[in-house]
Amino acid sequence: MKFTKYIAAGMIALAGLTSCNDSFLETEYTEYLDEEAAAEVGNQRPNFFLNGIWSWMVAYSQTGSGAHDDFGYMGSLHATDMMSGDIAMASSHWFNYDYQMDNHQEAYRRTRCHWLNFYTMIAKANDIIGLYPNGGETVTAKGLIGQAQAIRGLSYLHLIQLYQFASNEDGTVNASAPGVPLVLTTADGKTEEELAALLGRNTVGDVMAQIETDLVNAVANLEAGYERPNKNFIDASVANGILARYYLLANKWQEAANAAQKARKGYTLMPATTAGLYDGFVTVNNPEWMWGFAHSTETQTTYASFFSMISNIAPGYAGIGYAPRLIDARLYSQIPDTDLRKAWFNGPEGAEQATDAASLPYASVKFGHVDDWTDNYMYMRAAEMILIEAEAYAHMGDGIKAAEVLQELMDVRQPDWKKSNVSVEDIHLQRRIELWGEGFAYYDLKRLNKGTDRSYEGNNHLAGYDIAVPARDTRWYYQIPLSEIQENDLINEEDQNPL
């Protein structure tokens, strides 16, 4: 199987990332330590192992290609966001094939990027979980294991949606469909023979069950007293947030509402100020941010970065005019003038902004820039949890309760918003506005069995990219990477996702 090769490739990428500072997020692996010594390191220096995960998630050119659209977790999120149609490109550049819905075939680099990204995160999580074959006994050990379980559950949550339709047309779980390999450890109570058998395409149902097990266990371990040093790390609130995302996909509505409510407890929604809603989404110090990565000058990757692609204000590919990011014109028209988030975007006439790119019609100014490129990466915030909770109640047919929950967000986003009953469609629109550019749009379309139509009259998409792609079209999922099929004895061409 190629996972070992991927880990080796990941270490090469990490070496490049750390070239400016040899000690940056240095990570040792358990193959160099016996079990007892490794567990002791975990107890004494838990961040020693976790930093290897955080560094991988922001690494540049994970596939070793040198391509500037390959920059870790946020690179994967942005690639899928470009497929949704809520973002329009002003010109063709990096991510243009994703934007064209033509970057999903087995020999293409994007499917390798996703596969390598998430399976390396899983491998690093397994290194930690494997330190404690009998489970953690101390708060420190439980905190270490819990974060690894959360990362593994998050990774499989992405993989099952990238490489299959996890939902049927009626929204129920597509449980019997072929899913993805499960890479676990003997610490999960599996024999070596059982672990080897899981390396083929397990069913969606089996993968979903493993996601739930990992995330439920993560919450339990992190609720045992762990306190994270900063927002780079995962605590019980973040684990509950990932669990809420899973429950939404799994149609476990009440569980989704409960987990989302627990996740956001203690967080404050950002105010409509330059230190809140208009801060450029560049700092984990924003009170609404639950989890992110605080870049330093040693970790930032300049042009090959999320802000280079999404920010029309940063001097990256978007900001210098190579490929400015715009909001879809029809989506913009659905934002009321009284909605404070409308100021995240220019209108159809454009507006005078800090750069020419940011001054274009429909240009986004939601994302800003820090002069030394230490813009922080955002992985989760409290507004998403309100939207999950509200959507869960709407799915249960309780539109009144859904409106009551949603009102908390709307009070600080659109103060004149007053609705006593809302639908799933109402909440999906709010997700599209609130979470624009943050990596959710593709997953929402697949989860809700929706397509995209950029071909409407008056659209602002590039010619040739103004396409309509219906729900459940094969362009909505990725093929298994060709190299995986060539090297994994349990997956062959007959197991491949059809085009």
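Reply: **From a loop to the inside**

Pro 271 sits in the loop that runs between helix 11 (253-264) and strand 2 (289-293); helices are DSSP runs of H or I with at least four residues, strands are E runs with at least two, and both are numbered from the N terminus. Before going further, please keep in mind that this is a predicted model, in which local features need pLDDT of at least 70 and side-chain atom pairs count only at pLDDT 80 or more, while totals for chains, interfaces and linings use all residues. Residues are numbered from 1 along each chain as its sequence is written, and side-chain values use heavy atoms, with hydrogens and water left out.

Pro 271 is partly exposed because its relative accessibility is 37% (buried is under 20% and exposed over 50%, with partly exposed in between, for a 1.4 Å probe and protein chains only). Leaving aside residues up to four places away in sequence, Pro 271 is in contact with Gly 276 and Leu 277 (heavy atoms within 4.5 Å). Ser 155 is 116 residues from Pro 271 along the chain, and their C-alpha atoms are 32 Å apart.

The model holds nine cavities of 30 Å³ or more, a cavity being a set of points on a 1 Å grid over the protein atoms alone where a 1.4 Å probe fits but cannot get out, with lining residues having an atom within 4 Å of a point. The largest cavity has a volume of about 240 Å³, counted as the space filled by probe spheres set on points joined across faces, edges and corners. It is lined by 19 residues, and those closest to its centre are Gln 161, Arg 245, Glu 384, Phe 440 and Tyr 443. At least two lining residues come from each of helix 4 (73-84), helix 7 (139-162), helix 10 (236-249), helix 14 (382-395) and helix 17 (441-447). Helix 7 gives the largest share, with four residues.

Arg 152 is in helix 7 and Asp 188 in the loop between helix 7 and helix 8 (192-197), so the pair ties together parts 36 residues apart in sequence. Arg 152 is buried at 0% relative accessibility, whereas Asp 188 is partly exposed at 28%.

Another bridge runs from Arg 341 to Glu 434, their closest N and O atoms being 2.9 Å apart. These two residues link distant parts of the chain, 93 residues apart: Arg 341 is in the loop between helix 13 (329-333) and strand 4 (377-381), and Glu 434 is in helix 16 (residues 424-434). Arg 341 is buried at 0% relative accessibility, and Glu 434 is also buried, with a relative accessible area of 0%. Both belong to a network of salt bridges that links Glu 288, Asp 339, Arg 341, Lys 366, Arg 381, Arg 413, Glu 434 and Glu 438.

Definitions and conventions
On a 1 Å grid over the protein atoms alone, a cavity is a set of points where a 1.4 Å probe fits but cannot get out, and a pocket is an open set with protein on both sides within 12 Å along at least five of seven lines; lining residues have an atom within 4 Å of a point. A salt bridge is a side-chain nitrogen of Lys or Arg within 4 Å of a carboxyl oxygen of Asp or Glu.
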